[in-house]
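Dear colleague,

Please find below the structure that I am handing over to you, together with its sequence. My findings follow directly after it.

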Amino acid sequence: MTTDTQPLTKATIEFDDKTPRLFLIATVVWALVSMLVGVLVASQLNFWQANLNLEYLTFGRLRPLHTNAAIFAFVGNMMFAGIYYSTQRLCKTRTASDLLSKIHFWGWQGIIVSAAVTLPLGLTRGKEYAELIWPINIAVAVIWVVFAWNFFWTLAKRNEPSLYVALWFYIATIVTVAMLYIVNHLSLPTTITHSYPIFGGVQDALVQWWYGHNAVAFFLTTPILGIMYYFMPKAAERPVYSYRLSIVHFWSLVFIYIWAGPHHLLNTDLPKWLQMLGMFFSLMLWAPSWGGMLNGLLTLRGAWDKLRTDPVIKFFVVGITFYGMSTFEGPLLSIRAVNALSHYSDWTIGHVHSGTLGWNGFMAAGMIYWMAPRLWGTKLYSINLANIHFWLGLVGILLYVSSMWISGIMQGLMLNDIDESGTLLANPNFVETLQAIRPLMLTRVFGGALYLVGFLILAYNFFMTIKSGKPVDETREVALIDRKTSKTDKMTWGETWRADPVAYTFVALAFMCLWFFLPSGADVAALVCVVICGLLALQKFKRSEHGWSHWYDRLLENWMPFTILTFIAVAIGGAVQIIPAVTVNRADNVEDRLQIPYTPLELAGRDIYVSEGCYNCHSQMIRTMVPDVMRYGAYSRIGESIYDHPFQWGSKRTGPDLAREGGRRNDVWHYQHMMNPRELEPKSNMPAYPWLFEKETDMDALPRKIFVQRRLGVPYEPMTKHEITQGALEQATKIATGLIDEGVILPGENPPTVRAVKISELADKQIIALIAYLQKLGAHEVLDPRGPKSLGPFEVPDERRDEDEPAAIEAEPVAAR
């Protein structure tokens, strides 16, 4: 690429390699922690004894620790190490501020440690990949701003006019993660450790998976693609295969990815147009994703012989291959018919790990083996150990992913299987489906353990490499840009916005949005306009290809316009999906059924349910599928979870769905089930929760929680603090009295004074609040022109019975995990 910038002087600069070294060390340490916890939680799914009967080590509390450690600690530190190392060299300047780099590193480690402490304590927001409590979220936002400030300041003082492709992906990561994280973590606090998200029900589900899907896209994918575009050519000693392909890869990926979140909510009560939109854009992701994979692999052209001898190349090639595999599988799973089988099953777990361990893990290992000798001025301690790590990791991840594929498909088929008559489930007892896949879940543990052993070898090899060398900060002579005479970073806004590429793109996007929302007939006209706009743009490009190329070359010399255009590209998809859902899907617009708000005690029980991480194993969403309806009851309506802050639809069923659990079983069953699940179902793998029978419900926190719920739109009647706590105590006393009368606590005859004391003691316990919540699940009122009527979860008025609802729903057999 040519530029008219004329460097005037040269200078020798010293890169800040201390920061990449620190992040690299943190990467190795947190990789071991996250994988060790992962092996433990995988073992807990096979052996309930692995929960150790300790509240801090249950699957529900450790699984969020595992996911957050793997994403934000392991991959996060690896990403920062690669970005700090490569950005300085691509910009030919030292990082703008050593102080900001230090604040970023130590602040990020502090956040990770805070998460490692709070999550096992049960302090969580109850949303996947977004569990951290609000003070930690503020810290994340602050540290991310520090990182962004340092990064863009470095771009502003760079001595290389044009932005290399890796920097494009770093820019997209920084601006998009900030947008996603802030919107999804908007909350109203009730205490220093607790808050409720401002979105509820279907709104919260949409925002969560807009964030959750794109956290994968812009935290686990785009920055690693940037690292691929820098380190793969360095390791192969070859230029990137195709610069033009990298342009198409970048812009199509960042634009399309942001629209695909709704594919996590297929066959639910999410509006149909959003489901189809998510599926449509997910399928479109095949093209840019595989374009990037091919660009990475074909960079090795003429250097494939290195694959035999260089472990770095081995890790990079397999990592990029897993990227291709997982980005093929993702769109496949977004097809509604396939999703009906895969969702809530281990297939999704296998897909996620093929990306995280296969793509991120292997790219991280390759980067570590490449960077460590250069950062410590020595040779890699042992190439043989690196090769052993490679094969252990590869066999481990293949065992893991293949076992989850088979397990997910098997369980999905069993749960959806109907007998020959078409009126009964072939496998009515949920726990039997878990028994069938136990060998495969055990294979998952073995594969994960092999992968962990591989990283233990990496850690040994890494620290022995450090021991054999000493820290080295690279120095390099660079040509300095004269900011007065250079055109770098001086692109006018008119030059940016009035360019044909931008104009045609925005016009086409406007018509595309109209296509989504216009009524039948008019939407077709809008779609035709999109096609016409695309054809006109293509014709204009052919006539003035040089003009378009020149404009893009100028854009790459101006980081601010490039960043703003990137932000707009990713923001459009979120706005089109979320704004209509937030403004339209409200209680006053709901038809059919409306959720009955929780009483204060039931709300306290719900918070306990969230704190224990029950959403990691149980969904609360009955899909619009015959097997789901036959197993759990009438499919969920959009209004039945509208007051849930946060929503609890879940993404994995290790246990049965609980959307209509209320009234299925009596209080005694729930009491005994939480004390020892194996008394009711010998094959259950669910841990016991004895601490719920000892810890007291925080009644004093209820007035503040009700106040916040009212601010969020939950229609509670005005109540004084005394009325709130007294109402909760009365409901708790009623449940406790029933349990006492059933002889659960005091078998036989007992003096009235002893009985009263036991009732008072039991009423304060968390188990009572949790039972109250479980018995409320599914309660709703039917909206009728003649006035609403409150119904339990299984009551359906005859004149309004849906055709797909059975006239009577029998309680399924005991279906504990």
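**A buried arginine**

Arg660 has a relative accessibility of 2%, so this residue counts as buried, the cut-off for buried being under 20%. Please bear in mind that the model is predicted. Arg660 is placed in the loop that runs between helix H23 (626-632) and helix H24 (667-675). Its side chain makes a polar contact with the side chain of Glu640, at 2.8 Å.

**Packing of H22 and H25**

Helix H22 (residues 600-611) packs with helix H25 (residues 702-711) at an angle of about 90 degrees, and their axes are 10 Å apart. The two helices, H22 and H25, are therefore roughly perpendicular to each other. On the H22 side, the contact is made by Pro600, Leu603, Ala604 and Asp607, and on the H25 side by Leu702, Lys705, Ile706 and Gln709. Of the residues in this contact of H22 with H25, 5 are nonpolar, 1 is polar and 2 are charged.

**Nonpolar cores**

The largest nonpolar core comprises 182 residues, and Trp108 and Trp259 have the most contacts inside it. Helix H2 (residues 59-91) gives the most to this core, namely 18 residues. Neighbours within four places in sequence left aside, Trp108 is in contact with Phe72, Asn77, Phe80, Ile103, Val140, Ile143, Trp144 and Phe219. There is also a second, separate core of 49 residues, which includes Leu601, Tyr609, Ile759 and Leu777.

Yours sincerely

Methods. Residues are numbered from 1 along each chain as its sequence is written. This is a predicted model: local features need pLDDT of at least 70, side-chain atom pairs count only at pLDDT 80 or more; totals for chains, interfaces and linings use all residues. Side-chain values use heavy atoms; hydrogens and water are left out. Helices (H or I, at least four residues) and strands (E, at least two) are DSSP runs, numbered from the N terminus. Buried means under 20% relative accessible area, exposed over 50%, partly exposed in between (1.4 Å probe, protein chains only). A polar contact is a pair of N or O atoms within 3.5 Å; within protein, one must be able to donate a hydrogen and the other to accept it, and residues adjacent in sequence count only if both atoms are side-chain atoms. Axes are lines fitted to C-alpha atoms, for helices over the stretch in contact, and angles run from 0 to 180 degrees between N-to-C directions. Angles under 35 degrees count as roughly parallel, over 145 as roughly antiparallel, 65 to 115 as roughly perpendicular and the rest as oblique. Contact means heavy atoms within 4.5 Å. Ala, Val, Leu, Ile, Met, Phe, Trp, Tyr, Cys and Pro count as nonpolar, Asp, Glu, Lys and Arg as charged, and the others, Gly among them, as polar. A nonpolar core is a set of buried Ala, Val, Leu, Ile, Met, Phe, Trp, Tyr and Cys residues joined through side-chain atoms within 4.5 Å.
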